[in-house]
2 protein chains.
Amino acid sequence: MAEKVTIADVARHANVSRQTVSNVLNSPEVVKEGTRQRVLAAVETLGYRVSAAARQMRTGRSRLLAVRIETTQDGMNVFDRFLHGLTESAARSGYRVLLYAAGDDRAEIATIDQLLGEFEPDGFVLTSTHHGDPRASWLAERDLPFVTFGRPWGAPAAGHPWVDVDGAAGTESATRHLLGEGHRRIGFIGWEAGSGVGDDRKAGWSRTLAAEGLDAGLTLETDGSSAQGQAAARELTGRGATALVCVSDSVALGALQVLPAVVGFDDTPVAAAVGLTSLGQPLAEAAAHCVDLLTGRLSGRPAAAHVLLTPSLVIRKEPRS
Amino acid sequence: MAEKVTIADVARHANVSRQTVSNVLNSPEVVKEGTRQRVLAAVETLGYRVSAAARQMRTGRSRLLAVRIETTQDGMNVFDRFLHGLTESAARSGYRVLLYAAGDDRAEIATIDQLLGEFEPDGFVLTSTHHGDPRASWLAERDLPFVTFGRPWGAPAAGHPWVDVDGAAGTESATRHLLGEGHRRIGFIGWEAGSGVGDDRKAGWSRTLAAEGLDAGLTLETDGSSAQGQAAARELTGRGATALVCVSDSVALGALQVLPAVVGFDDTPVAAAVGLTSLGQPLAEAAAHCVDLLTGRLSGRPAAAHVLLTPSLVIRKEPRS
DNA sequence: TCTAAGGGTTTGATCGATCTAAAAGCTGTG
DNA sequence: CACAGCTTTTAGATCGATCAAACCCTTAGA
């Protein structure tokens, strides 16, 4: 194990004081070019890296962003792609991602509280926002820096930064795609009403049909499983539907057993595997925006902004013979 | 934002010295019962939590485990479930999980090196081990604590702790299941030879057929995609196969378009969705063992142990009409 | 009675970086 | 040649915990 190199070692090696080394790294503009070079060279040859712990001690900043790792639900989740993007973007901005697990909102708040005392993350990223979400208000009350990936459903006036994907725009483009292929009786298989995300996705479908003067009554709610998706697809085709827009790939996969003109949501690996047309969320981009908003807030730039990204329709032919 | 509570605050409140508070938390046995209670009460009322940074400064231990977040490949990855288990198990042992991203082995080593200088993680968890893996040897040379999730393929004598799932045992049980259903011509769709994991899974199938005196020639290699899985299934059924064991759910999904008697590997959400029988890896358990081995090493307990877990066959009826 | 041996608790130093404040180096001007 | 007015560099103090060693007190043995 390499003996650790401290700022004092670098200072000695470059014949300057500790503080000058610190300045070279943190406020290069106050240091004379010559010394700067000399110090940088010393940093290089010694392989010096600032100790995050020591820095945190003094500055109170940990360069850590905390995120809860989602439990994979029944569905085919896309969270890992978001997390990957978050980790990469954070690294580019000099931050690292700290994970935590929590069963429900209360447990999550307790964990956040604990983390604040121990590791003091500089910011939090909340995912899966929902109606009456207590986490955002808890953080907001304490004036802690955070972003949500997901709109503040039911609290549109919430002043915190957020990033989300425009589900309605997605299903609108899916619906238009099916219209373009000549379909006129297009159904929608959703989740139970009440979830912000689900309602939003449904809205895009219905407003598009309404705009064309078509029937927006061919819709059913499910629990999100493929089985119920398949059942719903049977029912809806029975009622005349020739194409279906689905709230998720999971549901779409079930529907695909019934008819070919189906569009899913999330563009999961499954969609690619079975040749399902689906709406892809720009997750890496969303993650990058989360990091931007958060680090912006952290470096004192203006607050409260939000970003709404548009999913893109990935059109596939069903490969099934 | 709550003003932070330090150990000195607790000491003052309980009328003892800082060190006594520290002892109550770290070596309770040296403190008299009465004082212990008093200090704990003070800790409670003040809501004190040790500052990880300050502790790390002094002890050199960060209580952080670092893990690379995998890039979701073409396949339907299961990494997020492992990661979730890891986060939970780590928390139970008082550790947190720090994520990092890296494109290839060299980049990963560079990142680990950097992390060591900055955040000083106490241990590392390497995933996706493969032949000639330079990461394990790099860490081993420096005598840094780590575990791998995956055997040291090609270096069976490697002295580091590892956890893995017995792929061969899995495909063996899958093959026996198909034998039990009366199949005699059972094929195997794999990956290209050379990957430890793929070869292992194939071995379980072939040794089982060999033990029964049956033909183990019905096998093809693919790139792991559903499309190639489907093509391979066509070819193999053409050569007389009536059932197929597959190296992954992705491949199995393709095969499922050709014939019903298919077993996949990983028990991904897709398998559940389409009613595919599949081998489930005990990921939460694997993660827990990783944490155990690592924290064991960290607290000075004996080194080098390993754990081989058995996957379980999840039998499903194909729901397709 | 005096000393030794511990149990229980406290004091001072320390980890490595950054903050603050002030010293030292320049430059140009009167 | 001194000095104001900069620029550049430096010397302590500090963040919050733990280590090492000292200290106090009580009890036991000589």
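**Entry 1: a serine in chain A**

I began with Ser250(A) and, leaving out residues up to four places away in sequence, I found that Ser250(A) touches Met76(A), Gly224(A), Ser225(A) and Ser226(A). I note here that the model is predicted. Ser250(A) belongs to helix 11 of chain A, which covers residues 249–255, and its relative accessibility of 8% counts as buried.

**Entry 2: the nonpolar cores**

Next I asked which residues touch the most other members of the largest nonpolar core. The core has 70 residues, and the ones I was looking for are Ile189(A), Leu244(A), Ile189(B) and Leu244(B). There is also a second, separate core of 56 residues, which includes Leu65(B), Phe82(B), Val125(B) and Val165(B). As background I wrote down that nonpolar side chains tend to be buried together in soluble globular proteins.

**Entry 3: aromatic rings**

I looked up the aromatic pairs, and the structure holds 6 of them over all chains. In one of these, Phe79(A) with Phe82(A), the ring centres are 6.2 Å apart and the planes stand at 40 degrees, so the pair is tilted. Both residues lie in helix 5 of chain A (residues 79–92), where they are 3 residues apart, about one turn of the helix. Phe79(A) and Phe82(A) are both buried.

How are the rings of Phe82(A) and Phe149(A) placed, stacked or tilted? Their centres are 4.4 Å apart and their planes are at 5 degrees, so this pair is stacked. It links distant parts of the chain, since Phe82(A) is in helix 5 of chain A, whereas Phe149(A) is in strand 4 (residues 146–149) of chain A, 67 residues apart. Phe149(A) is buried, as is Phe82(A). Taken together, ring pairs link Phe79(A), Phe82(A) and Phe149(A) into a cluster.

**Entry 4: the largest pocket**

I turned to the largest pocket, for which the computed volume is about 1500 Å³. Its lining has 44 residues, and those that lie nearest the centre are Gly117(A), Glu120(A), Lys4(B), Arg49(B) and Ser51(B). Sorted by class, the lining of this pocket has 18 nonpolar, 10 polar and 16 charged residues.

Which helices each supply at least two residues of this lining? From chain A I listed helix 4 (52–59), helix 6 (105–118) and helix 13 (283–298), and from chain B helix 2 (18–26) and helix 4 (52–59).

I then looked up Val50(B), which is found in the loop between helix 3 (33–46) and helix 4 of chain B. Leaving aside neighbours within four places in sequence, Val50(B) is in contact with Gly117(A) and Glu118(A) of chain A, and with Leu25(B) and Arg55(B) of chain B. Val50(B) and Val5(B) are 45 residues apart in sequence, but 8.8 Å apart in space from C-alpha to C-alpha.

How many cavities of 30 Å³ or more does a search of the whole structure find? It finds 3 of them, and the second largest cavity holds about 100 Å³ of space. Of the 13 residues that line this second largest cavity, Gln56(A), Phe119(A), Gln56(B), Leu64(B) and Phe119(B) are the closest to its centre. Helix 4 of chain A and helix 4 of chain B each supply at least two residues of its lining, which by class has 8 nonpolar, 3 polar and 2 charged residues.

**Entry 5: positive phi**

Asn15(A) has a phi of about 60 degrees and is found in the loop between helix 1 (7–14) and helix 2 (18–26) of chain A. Asp267(B) has a phi near 50 degrees and lies in the loop between strand 9 (262–265) and helix 12 (269–274) of chain B.

Are these residues buried or exposed? Asn15(A) has 68% relative accessibility and so counts as exposed, whereas Asp267(B), with a relative accessible area of 17%, is buried.

How values were computed. Residues numbered from 1 in each chain as written. Chains lettered and ligands numbered in written order. Predicted model: local features only at pLDDT ≥ 70, side-chain atom pairs only at ≥ 80, totals over all residues. Heavy atoms only, no water. Core = buried A, V, L, I, M, F, W, Y, C linked by side-chain atoms within 4.5 Å. Buried < 20%, exposed > 50% of the residue type's maximum accessible area, 1.4 Å probe, protein only. 1 Å grid on protein atoms, 1.4 Å probe; cavity = no way out; pocket = protein on both sides within 12 Å on 5 of 7 lines; lining within 4 Å. Points joined across faces, edges and corners; volume = space filled by probe spheres on them. Helix = DSSP H or I, 4+ residues; strand = E, 2+ residues; numbered from the N terminus. Nonpolar A, V, L, I, M, F, W, Y, C, P; charged D, E, K, R; others polar. Phe/Tyr/Trp six-rings, centres within 6.5 Å; stacked < 30°, edge-to-face > 60°. Contact = heavy atoms within 4.5 Å.
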